[in-house]
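Trainee: I have this model open and would like to go through it with you. Could we settle the terms as we go along?

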Amino acid sequence: MSTLPTTTNPPLVCWNCHERTAGIHFCPQSDYFAMLELPRKLWLEMSVLEQKFLQLSWKLHPDNFVNASQEEREISLKRSSELNDAYRTLRDPIARVEYLLAVEGTRKEGENKQQAPPELLEEVFELNESLDELRDAKASGGDTASLKQRLEAAEKNFEQKLAEVDGRLQATARDWDKAIDDNADEAARKQVMAKLNELLNRRSYIRNLVVNVRKELL
């Protein structure tokens, strides 16, 4: 990045894309993918993501804005914080899917993001019964060994189901990237996003079951 001029009429050029702006050296806020100059895809090269992050972190370093206005210095700090958030989000495979669906309008804040798979209802009912029995045994000082063994087996079972969901998420993420590469129409992309959203809800539900079991087994 070139040194910011100290004249009273600086060229209105964005710090990052170098396009002219409406009054300061910052373009309007973009999404995390655009911020890191990456396509809106789900399979990303981690080395490329890290390189982009380091390059942009240097561009936003306070030393590059010592002659800038107070407003621009404040915006640079805000952009730096947003850049860190973008990097943390996009380097995590699950957070990346959640963020993509959010910016595409498929996954909205406040919506129910857990989905009880119908075929698991009986297993979940049995699991909750076992959890209640273990809590009662702990409270009364009863024998918990057999109950813990049962829950440990259930934990492994649901961990396997969680791994299966993650595998399906990875496969569907590839479907999304293919849709982008093939310039698929909106209907096709929405179909893939709906599947991703359903799998995320399923994953969230099963993961919470595993977390609850682990908590009781401590």
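Mentor: Let us begin with burial: a residue counts as buried under 20% relative accessible area, as exposed over 50%, and as partly exposed in between, with a 1.4 Å probe and protein chains only. This is a predicted model, in which local features need pLDDT of at least 70 and side-chain atom pairs count only at pLDDT 80 or more, while totals for chains, interfaces and linings use all residues. Residues are numbered from 1 along each chain as its sequence is written, and side-chain values use heavy atoms, with hydrogens and water left out.

Trainee: Okay, how many helices and strands are there in the protein?

Mentor: The protein has seven helices and zero strands, where helices (H or I, at least four residues) and strands (E, at least two) are DSSP runs numbered from the N terminus. Of the 218 residues, 36% are buried.

Trainee: And what share of the contacts is between residues 24 or more positions apart?

Mentor: Among contacts with a separation of 6 or more, 68% are between residues 24 or more positions apart, a contact being heavy atoms within 4.5 Å.

Trainee: Switching to Asp177, is it buried or exposed?

Mentor: Asp177, which sits in helix α6 (residues 145-181), is buried and yet has no salt bridge. A salt bridge here is a side-chain nitrogen of Lys or Arg within 4 Å of a carboxyl oxygen of Asp or Glu.

Trainee: Which side chain of opposite charge is nearest to Asp177?

Mentor: That is Lys41, 5.7 Å away; for charge, Lys and Arg count as positive and Asp and Glu as negative, whereas His and the chain ends are not counted. Not counting residues up to four places away in sequence, Asp177 touches Lys41, Leu42 and Trp43.

Trainee: Where do we find salt bridges, then, and how many are there?

Mentor: The count by this rule is 17 salt bridges. One of them joins Asp85 to Arg88, with the closest N and O atoms 2.4 Å apart. These two are separated by about one helical turn, because Asp85 and Arg88 are three residues apart in helix α3 (residues 70-90). Asp85 is partly exposed at 27% relative accessibility, and Arg88 is also partly exposed, at 46%.

Trainee: Which side chain does Lys178 meet in a salt bridge?

Mentor: Lys178 meets Asp182, at 2.6 Å from N to O. Lys178 counts as exposed because its relative accessibility is 52%, while Asp182, with a relative accessible area of 47%, is partly exposed.

Trainee: Which residues are linked in a network?

Mentor: A network of salt bridges links Asp132, Arg135, Lys138 and Glu216.

Trainee: Now the packing: what angle do α5 and α6 make?

Mentor: Two packed helices are described by the angle between their axes and the distance between the axes. Helix α5 (residues 121-140) and α6 pack at an angle of about 145°, with axes 10 Å apart. The axes are lines fitted to C-alpha atoms, for helices over the stretch in contact, and angles run from 0 to 180 degrees between N-to-C directions.

Trainee: Which residues meet there?

Mentor: On the α5 side they include Val124, Leu127, Leu131 and Leu134, and on the α6 side they include Leu151, Ala154 and Phe158. By class, this contact of α5 with α6 has nine nonpolar, two polar and five charged residues. In that scheme Ala, Val, Leu, Ile, Met, Phe, Trp, Tyr, Cys and Pro count as nonpolar, Asp, Glu, Lys and Arg as charged, and the others, Gly among them, as polar.

Trainee: What about Leu147, buried or exposed?

Mentor: Leu147 lies in helix α6 and counts as buried because its relative accessibility is 8%. Leaving aside neighbours within four places in sequence, Leu147 is in contact with Glu133, Leu134 and Ala137. Leu147 and Ser130 are 17 residues apart in sequence, with 6.8 Å between their C-alpha atoms.

Trainee: Glu133 came up there; which residues is it in contact with?

Mentor: With neighbours within four places in sequence set aside, Glu133 is in contact with Leu147 and Arg150. The side chains of Glu133 and Arg150 also form a salt bridge, at 3.3 Å from N to O. That pair links distant parts of the chain, since Glu133 is in helix α5 and Arg150 in helix α6, 17 residues apart. Arg150 is partly exposed, with a relative accessible area of 43%, and Glu133 is partly exposed at 35%.
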